[in-house]
Amino acid sequence: DEKLNIIIKQLFPNGGMSAMDQIMEIKKLMMRSVAAQESFFMLSEAPLFTNSETGSCNDVNEAACELYGASKNELLGFGWTNFILPNEREIVKREWTEAIQTDNEITKIYTIQNPVEDCQIKCKYTAVIVRDTHGKIIRIMGRIKELERYN
């Protein structure tokens, strides 16, 4: 009975010493960390993107939209590939899809057509793929760097 009472007390907040208090504190810290990461992502002047485990783009920041001359909605999913020059598009799609299967980091170069500025931009993207201990993708995040502009 006494051991059971001790265990039960750990399941309820008691001012900081119970297991529940510790779990709630960890949850607060995790939420702050996620909020900080999301803020950095959105405010960064570097063009950034995140992808799902299938490789589909699920978020881009404003800097990425400006680089591509596109809205966020136009870049989501595999919409970003529509801005790659037609002669490079299928190769880039194939390399991306293959790389997320096994790689932990991907760096490739491709050229996009920015319709707003009416120019072509050679870009280099680097994506980091975080996997769990079983190799399952937890997160894909990357940045795009402008290398050169052509009119």
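Start with the outward side of helix H5. The face turned away from its buried side carries Glu-90, Gln-101 and Thr-102, and these residues are exposed. Keep in mind that this is a predicted model.

Now the other side. Helix H5 covers residues 86–102. Which of its residues are buried? They are Glu-88, Val-92, Trp-96, Ala-99 and Ile-100. Look down the axis of H5: the buried residues fall within an arc of 90 degrees, so they line one face of the helix.

What covers them? The cover includes four strands: S1 at 48–51, S3 at 105–114, S4 at 119–131 and S5 at 137–150. Hold on to S5, please. We come back to it.

Next topic: charged pairs. How many salt bridges does the structure hold? Five. I'll take you through some of them.

Take Lys-72 and Asp-59. They form a salt bridge, with the closest N and O atoms 3.0 Å apart. Lys-72 sits in helix H4, residues 72–75, and Asp-59 in strand S2, residues 57–60, so this pair ties together parts that are 13 residues apart in sequence. Is Lys-72 buried, exposed or partly exposed? Its relative accessibility is 33%, so Lys-72 counts as partly exposed.

On to Glu-117 and Arg-149. Their side chains meet in a salt bridge, at 2.3 Å from N to O. Where do the two partners lie? Glu-117 is in the loop between S3 and S4, while Arg-149 is in strand S5, so the pair ties together parts that are 32 residues apart in sequence. That is the S5 I asked you to remember: strand S5 is also part of what covers the buried residues of H5.

Arg-149 has another partner. Glu-146 forms a salt bridge with Arg-149, and here the closest N and O atoms are 2.8 Å apart.

Arg-149, at 35%, counts as partly exposed. Glu-146 is partly exposed too, with a relative accessible area of 34%.

To recap. The buried residues of H5 line one face of the helix. Thanks, and over to you.

Technical notes
Residues numbered from 1 in each chain as written. Predicted model: local features only at pLDDT ≥ 70, side-chain atom pairs only at ≥ 80, totals over all residues. Heavy atoms only, no water. Buried < 20%, exposed > 50% of the residue type's maximum accessible area, 1.4 Å probe, protein only. Helix = DSSP H or I, 4+ residues; strand = E, 2+ residues; numbered from the N terminus. Arc of directions from axis to C-beta. Contact = heavy atoms within 4.5 Å. Salt bridge = Lys/Arg side-chain N within 4 Å of Asp/Glu carboxyl O.
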